[in-house]
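Please keep the sequence and the structure in view while reading.

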Amino acid sequence: MLLYNLRIALLSLKRNRILSAVIVGGIALGIAVSTMFSTMRHAFAKDPIPQKSDVLHYVRMDSWDPLKPCPGDDPTRPPTQITYRDMVEIMKSEIPARQTGTFKGNLLLFPDKSVGRPRKVLTRMVFSDFFPMFDLPFRYGSGWDKRADEGPEPVIVIDEEMNDLLFGGQDSVGRTVRIEDREFKVVGVLDTWRPTIKFYDVTQNATQATESIFMPFNFLRPMLIRTAGNSDGWKSPPAPGPEGFLASETCWIQMWVELPGDRVEPYKDFLAAYVGEQKKAGRFPRPLNNRVQPLMTYLKETKVVPDEVNAMAVVSLLFLAVCALNLMGLLLAKFLARAPEIGVRRALGARRLDIFVQHIVECELVAVIGGAIGIALSLGGIAVLNSWVKTIVNRPDIIQFDPRMLVFAVGLSLAAGLLAGAYPAWRVCQIPPAIHLKVQ
C-alpha cells in the first residue's frame, strides 16, 4: 500500500511541476536555516565527553571577601576557581578516583633553528591524572606517571600540530624540546583532539583551541610560571613575590575530580570538613558554599552556549514553522483541485483514512525531497559560519554537522511536512463524494 501511495504521490508531483517546486523550495529553505543554526547551537551544547561526563566534577569553594560576594551575575555562587593553597590541601584526599588542578601558562619555546624562531606557546599545567580523566587520545607514547608529578620530572606531552611543527609528524617520543631555560623530554604525542568547547577550562574563551603543550603542574615553582588565565582575589598577598602569590587568597586554579557515584557525598563531606578547619584558622569567612558539580551541570551554569546562539536556534525553528504554515495554503489548493478524482475514489469504496494517508504520504515525500535539498544548503551555510567563527577564535572546524544533526534534520523535515499537510489532507477527506458525481 505504501508503494502504491508513493507512486500516486510522484505522479501528483509531476502533474503540477511548478507548484510542487514551490512547495519543495519552501521546505528546503526552512530546513536549511533551522538546521544551520540548530547545528551551531548543538556544537556548543553537546556533551564533550559523554562516556565520562557523569563522573567528572568541578570543584569550587567560597573563600571570598566576608563583606561582599564574589562578583558575577549570581551572588550566591562561589568563585569559578580555587586558590593554590586549597588545591594542594584537597588533593591529599584519597576519595577521588583521579584528580587534577590545572591552569595555563604562556611559555617561551625554542624550536630548532631550521623550524623557526623562539615563540610564546600556551602550555597547560596538569597532573598525570589529567590524561586518563579526560580520555585524551595518544598517537605516540602516553602521559607521565605520578612519580613525574612529584619530582617534577622534565617531561611533556605535545599535540599533533606541535609534533608536526617540531618533528615533521614523526614519532618524537624520547626527543627533547627546550622550553624557557630547560630541556624537556617528549613522552607522548596526542592524536587529533579538538573538542568544540575547551570544557576543562571555560574561565576565559570557551571556544579557544586546546593548548599545544602539557607539562607537570609542579614546575610552576622552579620555573616561576604565572597563570595566563583569569586570576581573581579580594585581598593583598601576605608577602611579595611568587611565594606570596601562591599563599594568597587569589583564585586561579581549575580543580577537577573523578568521582564514581558512591564517592560524591563522601567527597562533599571531606570538603566541608576541610573548610571547617580553615575557618578555625581565620579563613573562609563566608558561609559554607562548596560546589562539586558534574561536568554538564557546570557547563550549563557557566553558560557556554551564548544567549545569542540560543536565540538564533529558536528563531530558525520558528521560521521553519512559518514556512510550513504558509505551504499549508498551497497544499490545500492543490488537494482541493483533485476533489472530483477523490469523489470518484470514495464512491468506489475508498475510505476516508485511505485518502488521508495518500495525501500525507505525498506531503512527506515533498518534505523528504525538500529536506535533502535543505540539508545540502545547510552544509554550505555551516561552512560560511565556520569561516566567520575562524576570524574570531582562529578555529575553522568548531561547527560540525554530525550524525545526530542529520537525524534531527530528517526529523524536522518530516515534522514540517506533517504540519503543512495534515489539515489539507483532512479537509479534502471531508468533501462528500456525491457532489462530484453526475447522473447520466
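## Helix H11 and the residue after it

Just after helix H11, Gly349 adopts a positive phi of about 115°. The structure discussed here is a predicted model. Helix H11 itself covers residues 339-347, and its buried residues are Ala339, Ile342, Gly343, Arg345 and Arg346. Viewed down the axis of H11, these buried residues fall within an arc of 165°, so they line one face of the helix.

## Helix H8 and its surroundings

Helix H8 spans residues 264-280, a run of 17 residues. From its first C-alpha to its last, H8 reaches 25 Å, which is close to the 24 Å expected at 1.5 Å a residue. Just after H8, Gly282 has a positive phi of about 95°.

Which residues of H8 are buried? They are Val264, Tyr267, Leu271, Tyr274, Val275 and Gln278. Down the axis of H8, the buried residues lie within an arc of 95°, so they line one face of the helix. Asp269 and Lys280, on the other side of H8, are exposed. The buried residues of H8 pack against two helical or strand elements named by number as follows: strand E1 (56-60), helix H3 (84-90), strand E10 (251-258) and strand E11 (291-294).

## Helix H13 and its partners

Two packed helices are described by the angle between their axes and the distance between the axes. Helix H2 (residues 17-45) packs with helix H13 (residues 403-429) at an angle of about 145°, and their axes are 10 Å apart. The crossing in which H2 passes H13 is right-handed. On the H2 side, the residues that meet H13 are Ile27, Ile31, Ser34, Thr35, Ser38, Thr39 and His42. Their counterparts in H13 are Arg404, Met405, Phe408, Ala409, Leu412, Ser413 and Ala416.

Helix H10 also packs with H13: the two axes come within 8 Å and cross at roughly 35°. H10 passes H13 in a right-handed crossing. Among the H10 residues that make this contact are Leu317, Leu320, Ala321, Leu331 and Phe335. The H13 residues in the contact include Phe408, Leu412, Ala416, Tyr423 and Pro424.

## Two individual residues

Lys334 lies in helix H10, which covers residues 307-336. Is Lys334 buried or exposed? Its relative accessibility is 4%, so Lys334 counts as buried. Lys334 and Trp426 are 92 residues apart in sequence, and their C-alpha atoms are 13 Å apart in space.

Glu150 belongs to helix H5 (residues 146-150). Glu150 is exposed, because its relative accessible area is 64%. The C-alpha atom of Glu150 is separated by 9.3 Å from that of Phe127, and the two residues are 23 residues apart along the chain.

## Cysteines

A disulfide is a covalent bond between the sulfur atoms of two cysteines. With a cut-off of 2.5 Å between the sulfur atoms, the count of disulfides in this model is zero. Cys70 is buried, with a relative accessible area of 12%.

Cys363 is likewise in no disulfide, and its nearest cysteine sulfur, that of Cys429, is 11 Å away. Cys363 has a relative accessibility of 3%, so Cys363 counts as buried.

Key. Residues are numbered from 1 along each chain as its sequence is written. This is a predicted model: local features need pLDDT of at least 70, side-chain atom pairs count only at pLDDT 80 or more; totals for chains, interfaces and linings use all residues. Side-chain values use heavy atoms; hydrogens and water are left out. Buried means under 20% relative accessible area, exposed over 50%, partly exposed in between (1.4 Å probe, protein chains only). Helices (H or I, at least four residues) and strands (E, at least two) are DSSP runs, numbered from the N terminus. The expected span of a helix is 1.5 Å times one less than its number of residues. The arc is that of the directions from the helix axis to the C-beta atoms. Contact means heavy atoms within 4.5 Å. Axes are lines fitted to C-alpha atoms, for helices over the stretch in contact, and angles run from 0 to 180 degrees between N-to-C directions. A crossing is left-handed if the near helix is turned anticlockwise from the far one by less than a right angle, and right-handed if clockwise.
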